[in-house]
Amino acid sequence: MLEQIEGSQAMAKAVAACRPEVISAYPISPQTHIVEALSALVKSKELPGCEYVNVESEFSAMSACIGASAAGARSYTATASQGLLFMVEAVYNASGLGLPIVMTVANRAIGAPINIWNDHTDAMSQRDSGWLQLYAENNQEAADLHVQAFRIAEELSLPVMVCMDGFILTHAVEQVDVPELEQVQQFLPPYEPRQVLDPEDPVSIGAMVGPEAFTEVRYLAHAKQMQALDLIPQVQEEFKAVFGRDSGGLVRPYKCEDAETIIVALGSVLGTIKDVVDKRRENGEKIGVLGITSFRPFPSEAVREVLSKADRFVVLEKAFSVGIGGIVSSHCRGAMRGLNFTCHELIAGLGGRNITAASLNDYLDKAVVDDVEDLTFLDLDKELVEAELERERVTRRSGAPAENIIRDIQDRVNAQMNLEVSKKAEKS
């Protein structure tokens, strides 16, 4: 049903329509509204047959989901940022045990320093945890991906993260065609677990595995992710047949057919990039966008097919590996192995910093003629960075860098205010 609705509320309704039997979560911004709404649906009996488990931490939330899933219950949770890090041990256990848990990650920066705004550092930190990762461009796709995630997870018996940008999507109010129960039931079959703890047929799950079998077990996790490369597009087509709209899949090219330059990105920033591309297209520039929906498994062949037609590609990333650079960039480079290509890495939007059309255009003016460094931080204030590096060079006890930079910014603001006051005084 088409509604003007907050993203978090739409996600709660979409998850509820999938009829989870156990929900366990601990609140952390910006995912709190999702689990609050789900708890209300359970309490009001609008989500029947579901147990909502209140826990004391994110680690406990994932542990409860692991137990519930192992016992044969369709299980769901949500988290963000430090909450995801707190449950890491259990995150790896869930995938290692092959349990089809679905989890919303409302992407948010990781501290220190503390930052509650959006980037992709949290989910990217878990890219090798064995979970599938699907990234949503907007709230419609986020809602649809949750429905598809349960189908994919339960078919493969692997857990799935649905990643949606914190605040940008979770708290945005926009039109969403919220998946309805009847449609979801037509698309999503009743949960039939591949493994289940049964007192009548006792087995051990998660027992110790020695060197003689560990490699094979780990390889199976990889093999099932490779199976997902075929399953995800299949689920996308079946979803389209039932719901009448195209969501999900591995990648989503936009105006890439004749593009000489292609911008690669994940998540909500794709909307801004598409607006920029449309304007540049009006001026005759051959430029396109490649949105990556499935980051795990990484769709190397699909990426290669699109990017190999262009002269260059720019990968815009909202996270990076400290000491080396872009994360998605390295995957794209790997997909293009053996081909001649030019790749530029653009780190942007860290900690919620705005990614504006003006800044993107300024960067692209140079990137389309390869007049940029391989790694660029969009709108980086080099004066602030150099001031802190100089402070550390000349002073042993230089203090905390983050606090120093904040003070420098405030000093700059104060100086500007004093200058304006002086100018007004001169005029008077």
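Author: Happy to; what follows starts with the sheet, moves to its helices and ends with the pockets.

Please keep in mind that this is a predicted model. The sheet is open and has six strands, in the order β9-β11-β10-β13-β16-β17, with mixed pairing. At its edges stand β9, residues 251-254, and β17, residues 375-377. Each of these two has a single partner strand, so one side of each is left without a neighbour in the sheet. On average, neighbouring strands here are turned by 20° against each other, direction ignored.

Helix α10, residues 269-282, lies across β9, β10 (261-265), β11 and β13 (312-317). The direction of α10 is at about 165° to β11. Helix α11, residues 300-307, also packs on the sheet and touches β9, β10, β11 and β13. Between the directions of α11 and β11 the angle is about 175°.

The largest pocket has a volume of about 1300 Å³. It is lined by 34 residues, and the closest to its centre are Pro113, Leu350, Arg353, Leu380 and Ile405. Helices α14 (382-394) and α15 (401-427) each supply at least two residues of this lining. The largest share comes from α15, with seven residues. By class, the lining of the largest pocket holds 23 nonpolar, four polar and seven charged residues.

The second largest pocket holds about 600 Å³ of space. Its lining has 19 residues, and those nearest the centre are Gly96, Leu97, Gly98, Val209 and Val217. Two or more lining residues come from each of α5 (88-96) and α9 (211-243). With six residues, α9 gives the largest share of the lining of the second largest pocket. That lining divides into ten nonpolar, seven polar and two charged residues.

Note on methods
Residues are numbered from 1 along each chain as its sequence is written. This is a predicted model: local features need pLDDT of at least 70, side-chain atom pairs count only at pLDDT 80 or more; totals for chains, interfaces and linings use all residues. Side-chain values use heavy atoms; hydrogens and water are left out. Two strands pair if DSSP finds at least two bridges between them. Helices (H or I, at least four residues) and strands (E, at least two) are DSSP runs, numbered from the N terminus. Axes are lines fitted to C-alpha atoms, for helices over the stretch in contact, and angles run from 0 to 180 degrees between N-to-C directions. Contact means heavy atoms within 4.5 Å. On a 1 Å grid over the protein atoms alone, a cavity is a set of points where a 1.4 Å probe fits but cannot get out, and a pocket is an open set with protein on both sides within 12 Å along at least five of seven lines; lining residues have an atom within 4 Å of a point. Grid points are joined across faces, edges and corners, and a volume is the space filled by probe spheres set on the points. Ala, Val, Leu, Ile, Met, Phe, Trp, Tyr, Cys and Pro count as nonpolar, Asp, Glu, Lys and Arg as charged, and the others, Gly among them, as polar.
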